[in-house]
Amino acid sequence: MTTTAASPDITVAAWPGSEPRLLRDGVEDGAAYAAAGGYRTLADADAFLDEVDRSGLLGRGGAGFPLGVKLRSVRAAAARRGLDAVVVANGEEGEPASIKDRWLLRNRPHLVLDGLRLAAAAVAATRTYVYVSDPAAARSIEAALGEISTETIAGPPVSVFTVDGGYVAGEETAAVRAINGGPAKPTDKPPRPYQRGVAQRPTLVSNVETLANLPFLQRHGAAAFRSAGTTSSPGTFLATVTGGGLAPVLYELPHGVEIGELLEFHGIPLDQVRGLLMGGYFAGLLNRDGLAATLDHETLRAGGSGLGCGAVAVLTDDCPVAVAASVLAYFGRENAGQCGSCFNGTVAMAAVAEALRDGVATAQDVERLQRWAGVLPGRGACGTLDGATTVAASLLTRFPELVAEHLADSCDTCRGGAYRADRPYAIEEVTA
């Protein structure tokens with residue numbers, strides 16, 4: 001394990017036996033990156049796009065959508081409308097329990113810029129943006145741009161666009177809306193950015209970790225990319241592990257590692273684990289059964305959870321009911337305030353969860369929470385309401401004994417002082 005200079009409070013580690021593709025020691029230098037084979041000429045954009053398809057590269061921002069499909073959708077829309085495309089590298093890391101995008105932007109800015117260049121070539125974009133809320137990340141990208149010539153990067157102009165951070169600010173339509181001069185809040189879909197995005201042009205909005213995989217793919221090809229991971233979730237990914245009374249660590253893992261194996265490597269005795277908060281806050285709670293699950297999209301989705309942004313928060317001393325209440329309260333504060341179903345639904349669910357935590361909820365309250373968790377998904381303009389309902393549903397289905405204890409006001413953990421953090425398992429901002 002190593003501690004990086006640009007993020008002194010964050011330890012990074014590769015998985016034993018797995019060659020890291022994204023993590024490295026120290027802060028990246030532009031000349032050294034180019035000398036090692038970065039920013040190499042892309043001779044055939046069509047052939048590269050075929051290679052992206054063959055690689056099976058899935059988005060690392062949360063949804064796990066195939067990048068090749070997104071690239072082709074943007075390119076086709078631009079050709080159909082006779083317009084130039086735009087590419088946005090999305091580094092606005094809204095999930096409080098995640099550090100991966102900030103780490104890449106601060107420590108490997110040239111890898112991100114190289115991936116942005118390749119994506120732009122694949123869709124024939126004439127304008128690109130790096131969209132961030134972290135000031136240190138913005139400074140890192142600006143400095144990296146100053147280290148290289150336009151001839152070296154051989155791509156369209158790059159602008160760094162900085163917004164105030166927030167849970168919804170990283171949603172793709174929020175990024176487009178902000179760059180277009182509006183607030184960093186989601187808009188109704190359709191149209192989606194690939195149809196009408198920045199300046200009404202077809203726009204690819206892609207997470208920075210996703211883009212950071214493209215230089216490896218250009219250099220080594222799809223077969224090498226698929227040599228790690230699983231058939232349906234190929235490659236490596238960055239996992240932020242928090243909780244358990246230990247400092248956060250950013251790991252690079254091949255998809256398919258068992259959660260319990262990761263936590264033991266991290267230094268958490270499995271008999272101390274009460275539960276897991278998956279994918280940042282978005283993919284809900286897992287109970288101890290989740291220790292046997294593997295970290296890949298297909299397995300976690302089949303179990304009713306998700307990999308999301310790759311963040312795993314471990315619950316040891318904290319009561320899962322109290323954690324769910326804090327997360328739902330966070331969603332209640334952080335929603336965009338634009339959709340009535342989300343604005344009212346998140347607050348109502350948080351109120352029930354907090355009452356349950358405090359031992360004053362009734363069975364009728366829990367029935368209402370169960371009903372809301374079933375009928376509210378899909379009613380918001382973005383994923384905030386879906387994330388909140390997932391947290392509520394997973395609490396009720398995976399921790400029924402704890403819910404019963406709280407209805408009887410007999411939870412020893414919560415009677416000793418509930419977990420009331422504003423941002424549970426949040427990774428504090430690093431200013432260095």
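**Exercise 1. Determine which way the residues of strand β9 point, and whether they are buried or exposed.**

Solution. Strand β9 covers residues 275-278; strands (E, at least two residues) are DSSP runs, numbered from the N terminus, as are helices (H or I, at least four residues). Gly275 and Leu277 point one way, while Leu276 and Met278 point the other way. All of these are buried, where buried means under 20% relative accessible area, exposed over 50% and partly exposed in between (1.4 Å probe, protein chains only).

The model is predicted: local features need pLDDT of at least 70, side-chain atom pairs count only at pLDDT 80 or more, and totals for chains, interfaces and linings use all residues. Residues are numbered from 1 along each chain as its sequence is written, and side-chain values use heavy atoms, with hydrogens and water left out.

**Exercise 2. Identify which strands are joined to β9, and by how many bridges.**

Solution. Two strands pair if DSSP finds at least two bridges between them. Step one: 4 bridges join β9 to β11 (residues 311-315), and these strands run antiparallel. Here Met278 stands opposite Val312. Step two: 2 bridges join β9 to β10 (residues 285-286), again antiparallel. Here Leu276 stands opposite Leu286. Step three: the hairpin of β9 and β10 has 6 residues between the strands, and Gly279 takes a positive phi near 65°.

**Exercise 3. Describe the surroundings of Gln218.**

Solution. Gln218 lies in helix α10 (residues 214-220). Its relative accessible area is 17%, so Gln218 is buried. Not counting residues up to four places away in sequence, Gln218 touches Arg40, Thr41, Leu42, Phe48, Arg117 and Leu118; contact means heavy atoms within 4.5 Å. The side chain of Gln218 reaches the backbone oxygen of Arg40 at 3.3 Å.

Definitions and conventions
A polar contact is a pair of N or O atoms within 3.5 Å; within protein, one must be able to donate a hydrogen and the other to accept it, and residues adjacent in sequence count only if both atoms are side-chain atoms.
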